[in-house]
Amino acid sequence: MAPTPLAVSIAATIASLVLLFGVLELVRRRRLREKYALLWILTAVVLLILSVWRGAVSGIATALGVSYGPTVLFAVGALFILVVLLHYSTVISALTDRTVVLAQKVASLEQRIDELERGQDSES
Amino acid sequence: MAKRCLAIIPAFNEAGAVGDVIRAIQRERPDVDVAVIDDGSRDATAKVAREAGAIVLQLPFNLGIGGAVQTGYKYAWDNGYDIAIQVDADGQHPPSEMSKVIDPVASGEADMVIGTRFREEGGFKSSAVRRIGIAMFAWLVSTIIREKVTDTTSGFRAVNRKGIALFESDYPQDYPEVETQALAHKHGLRLMEVPVQMEERQAGESSIKLWGSFYYVVKVTLALVIGLFRKPIPLPEEGGH
């Protein structure tokens with residue numbers, strides 16, 4: 001199969017670079033933690049490689065029997081989005097668990113403060 | 001007036017070792033208050049620490065080393081401590097060496113002092129992989145801060161009020177030891193290394209396991225490089241956060 005059309009390659013390269021620098025800028029401004037940026041950076045780097053290396057996409061397309069090469073770019077992009085979303089679902093689950101523990105802790109602390117205040121009232 | 005100093009001991013399932021560490025600090029430096037940050041331990045860490053006479057801050061769940069240590073710096077900031085020194089709960093930082101780390105901060109010679117294990121013979125033997133990792137980050141951090149740094153992974157460190165203010169506001173979360181040196185330099189703190197003896201770990205596990213090494217290297221390198229392009233954060237004034 002012919003390599004990726006040049007226009008597609010250029011557009012995809014620009015899009016990958018925008019994603020990569022966008023993620024790095026968010027980390028620099030402390031809007032995104034390094035921990036959660038790593039998966040996005042991996043996504044951007046893989047897409048960048050596939051965009052620049054025009055033979056790679058057509059090679060994968062031939063191996064998979066895909067008739068229109070650049071479809072592989074979409075497929076890889078979609079796969080990474082799924083992985084990122086799944087990762088975020090686990091992160092949200094962990095955050096939910098922590099919120100529950102925090103709420104329970106606050107309730108327990110309020111009860112203890114209440115008890116201490118009552119103890120003071122009865123002394124005075 | 002004498003300077004008030006707080007020893008910050010982050011502890012996760014260290015019931016077996018933390019009691020001895022607290023008692024050794026009280027023996028060596030009775031003037032230093034001890035605060036144990038129990039990072040969501042399942043074992044009796046908090047109970048053991050309280051019975052040994054330490055201030056205990058018990059986190060409701062495991063925050064990881066960065067979040068735990070920062071809890072200690074926030075406590076030091078809120079309670080007006082002049083100096084804070086980090087000591088590991090597993091006994092690898094001998095309290096008999098504490099004064100070497102505290103003194104240059106107390107005398108005003110440096111804003112942050114790191115007790116390092118490589119400048120003196122006979123203290124510590126670590127694995128080859130660990131040595132290479134430590135050497136690589138030492139080189140990277142030395143390049144960034146343009147000062148010779150030999151041990152970026154040592155958690156045996158002391159800071160003055162300015163350092164407490166910085167770490168109270170901003171402290172790296174996952175693997176903080178390497179990044180804090182670059183962060184402190186960025187905020188104009190004067191760093192100093194002093195050689196200290198360190199013990200082999202008594203109990204518990206290292207916070208960095210082998211399988212996590214790759215993630216550790218990538219994450220810390222990313223943080224160090226991006227940190228170069230960050231602006232310093234404004235430090236809190238007394239009474240503020």
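This is a predicted model: local features need pLDDT of at least 70, side-chain atom pairs count only at pLDDT 80 or more; totals for chains, interfaces and linings use all residues.
Me: What is the mean pLDDT of chain A?
Reply: Of the residues of chain A, 98% reach 70 or more, and the mean pLDDT of the chain is 91.

Me: Which elements of chain A do the buried residues of H3(A) pack against?
Reply: The buried residues of H3(A) are Ala56(A), Val57(A), Ser58(A) and Ala61(A). After the helix comes Gly65(A), with a positive phi near 75°. The buried residues of H3(A) pack against H2 and H4 of chain A.

Me: Which three residues supply 42% of the area that chain A buries against chain B?
Reply: The contact draws on 13 residues of chain A and 18 residues of chain B. Together the two chains bury about 1500 Å², with 63% of it on carbon and sulfur atoms. On the side of chain A, more of the buried area comes from one trio than from any other three residues: Arg28(A), Arg30(A) and Glu34(A).

Me: How many salt bridges are there between chain A and chain B?
Reply: Over all chains, the whole structure has 13 salt bridges. Between chain A and chain B there are 5 residue pairs in polar contact, both residues being at pLDDT 80 or more. For salt bridges, the count between chain A and chain B is 2.

Me: Which helices give two or more residues to the side of chain A that touches chain B, and how many charged residues has that side?
Reply: The helices of chain A that do so are H1 (6-28), H2 (34-52) and H4 (71-123). By class, this side has 6 nonpolar residues and no polar ones, and its charged residues number 7.

Me: Why does the salt bridge of Arg30(A) and Asp170(B) join two chains, and what is its N to O distance?
Reply: Arg30(A) lies in the loop between H1 and H2 of chain A, while Asp170(B) lies in the loop between helix H6 (161-169) and helix H7 (176-186) of chain B, so the pair joins two chains. Arg30(A) is partly exposed, at 35% relative accessibility, whereas Asp170(B), at 15%, counts as buried. The closest N and O atoms of the pair are apart by 2.7 Å.

Me: Which residue of chain A forms a salt bridge with Arg230(B)?
Reply: The closest N and O atoms of this pair are 3.6 Å apart. Both of its residues are buried. Arg230(B) lies in the segment after helix H8 (213-228) of chain B and its partner in helix H2 of chain A, so the pair joins two chains. That partner is Glu34(A).

Me: Are Arg28(A) and Glu25(A) buried or partly exposed?
Reply: Arg28(A) and Glu25(A) form a salt bridge, with their closest N and O atoms 3.2 Å apart. Both lie in helix H1 of chain A, 3 residues apart, about one turn of the helix. The relative accessible area is 25% for Arg28(A) and 28% for Glu25(A). Buried requires under 20% and exposed over 50%, so Arg28(A) and Glu25(A) are partly exposed.

Note on methods. Residues are numbered from 1 along each chain as its sequence is written. Chains are lettered from A and ligands numbered from 1 in the order in which they are written. Side-chain values use heavy atoms; hydrogens and water are left out. Contact means heavy atoms within 4.5 Å. Buried area is the accessible area (1.4 Å probe) that two parts lose on being put together, summed over both. A salt bridge is a side-chain nitrogen of Lys or Arg within 4 Å of a carboxyl oxygen of Asp or Glu. A polar contact is a pair of N or O atoms within 3.5 Å; within protein, one must be able to donate a hydrogen and the other to accept it, and residues adjacent in sequence count only if both atoms are side-chain atoms. Helices (H or I, at least four residues) and strands (E, at least two) are DSSP runs, numbered from the N terminus. Ala, Val, Leu, Ile, Met, Phe, Trp, Tyr, Cys and Pro count as nonpolar, Asp, Glu, Lys and Arg as charged, and the others, Gly among them, as polar. pLDDT is the predictor's confidence in each residue, from 0 to 100. Buried means under 20% relative accessible area, exposed over 50%, partly exposed in between (1.4 Å probe, protein chains only).
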